[in-house]
Amino acid sequence: VQLQAFGGGLVQAGGSLRLSCAASGRTFSRSAMGWFRQAPGKEREFVAAINWSGGSTYYADSVKGRFTISRDNAKNTVYLQMNNLKPEDTAVYYCAADQVYGLVIGDYDYWGQGTLVTVSS
């Protein structure tokens, strides 16, 4: 699976962005997908995950209620809708894929290149 994330940008606090992650490869529809982020000077952290069918999702406490992960298997794409953005959401956001529906970096073998989200106060 090859992944390409896009949709990042500069937004004011309280605003919204939708990230997309386009996947190539026939195994996308059978893969769990995750979003992670890495802020400057910090370690990469889990944001959200979705299982292969879209029937199960999981979120980090810091984004619960503000972010929504979804997928369209017909388009080989996973999305991260981010609402009510805060300056602490500023980071490079990465999408990841694997057969395992996991919540940690080590659960994922395939990674996109990242897209930068900057939230100004």
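The protein chain has 0 helices and 11 strands, where helices (H or I, at least four residues) and strands (E, at least two) are DSSP runs numbered from the N terminus. Read from the N terminus on, its elements run β-β-β-β-β-β-β-β-β-β-β. This is a predicted model, in which local features need pLDDT of at least 70 and side-chain atom pairs count only at pLDDT 80 or more, while totals for chains, interfaces and linings use all residues. Residues are numbered from 1 along each chain as its sequence is written, and side-chain values use heavy atoms, with hydrogens and water left out.

**Overall dimensions and packing**

- The radius of gyration of the protein chain, 13 Å, is close to the 14 Å that the globule rule gives for 121 residues, so the chain is as compact as a globular protein of that length; the radius is taken over C-alpha atoms, and the rule is 2.2 Å times the number of residues to the power 0.38.
- Taken along the principal axes, the box that the C-alpha atoms fill is roughly 40 × 25 × 25 Å.
- Among contacts with a separation of 6 or more, 57% are accounted for by residues 24 or more positions apart, a contact meaning heavy atoms within 4.5 Å.

**Surface and charge**

- Of the 121 residues, 44% count as buried, that is, under 20% relative accessible area, with exposed meaning over 50% and partly exposed in between (1.4 Å probe, protein chains only).
- The accessible surface of the protein chain comes to about 6100 Å², and 48% of that surface belongs to carbon and sulfur atoms; the areas come from the Shrake-Rupley method with a 1.4 Å probe.

**The disulfide**

- The structure holds 1 disulfide, a term for a pair of cysteine sulfur atoms within 2.5 Å, and this link joins C21 to C95 with an S to S distance of 2.1 Å.
- C21 lies in strand 3 (residues 17–24) and C95 in strand 9 (residues 91–98), so the pair ties together parts that are 74 residues apart in sequence.
- The link of C21 and C95 is right-handed, with 60 degrees about the S-S bond, and both C21 and C95 are buried.

**Positive phi in loops**

- N76, although not a glycine, has a positive phi of about 55 degrees; N76 sits in the loop between strand 7 (67–72) and strand 8 (77–82), where it is partly exposed at a relative accessible area of 21%.
- N84 is likewise not a glycine and has a positive phi of about 50 degrees; N84 is found in the loop between strand 8 and strand 9 and counts as partly exposed at 43% relative accessibility.
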